[in-house]
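Subject: Structure handover

Hello,

Here is the structure I promised to pass on. Please keep it open while you read; my notes follow below.

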Amino acid sequence: MEAGVRVDTSGALCPVPILEIAKAMRRLPPGSLVELISTDRGLEADLPAWCDATGNTLVRMERRDAHYVGWVRKAG
């Protein structure tokens, strides 16, 4: 899946991954796709909850070895 922006927060724990994707989303136009990479297992719960709270769309979530990867489309 080809994202316009990749946010790699590997090594950072909650709440950093969500803070970083939120910061990236503020700079992007509606419809943009962002790939978030994290080593924090909490992302599996945090990213869907954040998307629900903000109206953004969680397109896909997967695990790659020690990494959790989510793709989010900006609302609007």
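Setting aside neighbours within four places in sequence, Glu35 is in contact with Ala3, Val5, Arg6, Val7, Arg64, Val69, Gly70 and Trp71. Contact here means heavy atoms within 4.5 Å. One of these partners, Arg6, also makes a polar contact of 2.9 Å with Glu35, side chain to side chain. A polar contact is a pair of N or O atoms within 3.5 Å; within protein, one must be able to donate a hydrogen and the other to accept it, and residues adjacent in sequence count only if both atoms are side-chain atoms. Glu35 sits in strand β2. Glu35 counts as buried because its relative accessibility is 4%. Buried means under 20% relative accessible area, exposed over 50%, and partly exposed in between, with a 1.4 Å probe and protein chains only.

Before the rest, some ground rules. This is a predicted model, in which local features need pLDDT of at least 70 and side-chain atom pairs count only at pLDDT 80 or more, while totals for chains, interfaces and linings use all residues. Residues are numbered from 1 along each chain as its sequence is written, and side-chain values use heavy atoms, with hydrogens and water left out. Helices (H or I, at least four residues) and strands (E, at least two) are DSSP runs, numbered from the N terminus.

Strands β1 and β2. They pair in the parallel sense over four bridges. Pairing requires at least two DSSP bridges between two strands. Val7 has Leu36 in β2 as its bridge partner. From β1 the chain crosses through α1 to β2, and this β-α-β crossover is right-handed. That is, with the strands pointing away from the viewer, the path from the first strand over the helix to the second runs clockwise.

Helix α1. Which residues of α1 are buried? In this helix, residues 16-26, they are Pro17, Ile18, Ile21, Ala22, Ala24 and Met25. They lie on the same side of α1 because they cover an arc of only 165° around the axis. The arc is taken from the directions from the helix axis to the C-beta atoms. Exposed Leu19 and Arg26 are on the face turned away from that buried side. The buried residues of α1 pack against β1 (5-8), β2 (33-38), α2 (43-54) and β4 (67-73).

The loops on either side of α1. Pro15 is in the loop between β1 and α1. The peptide bond from Cys14 to Pro15 is cis, with omega near 10°. Gly31 is in the loop between α1 and β2. Gly31 counts as partly exposed because its relative accessibility is 34%. Not counting residues up to four places away in sequence, Gly31 touches Arg73, Lys74 and Ala75.

The β3-β4 hairpin. These strands pair in the antiparallel sense over seven bridges. Arg60 has Trp71 in β4 as its bridge partner. Two residues lie between the strands, and Asp65 in this hairpin takes a positive phi near 55°. Asp65 is not a glycine. Asp65 counts as exposed because its relative accessibility is 72%.

Finally, the record. UniProt lists residues 7-31 as "domain: UPF0033" in an unreviewed entry. Its positions are given in the numbering used here, feature names are shortened, and annotations may be inferred rather than shown by experiment. Over residues 7-31 the chain is 44% helix and 8% strand.

Best wishes
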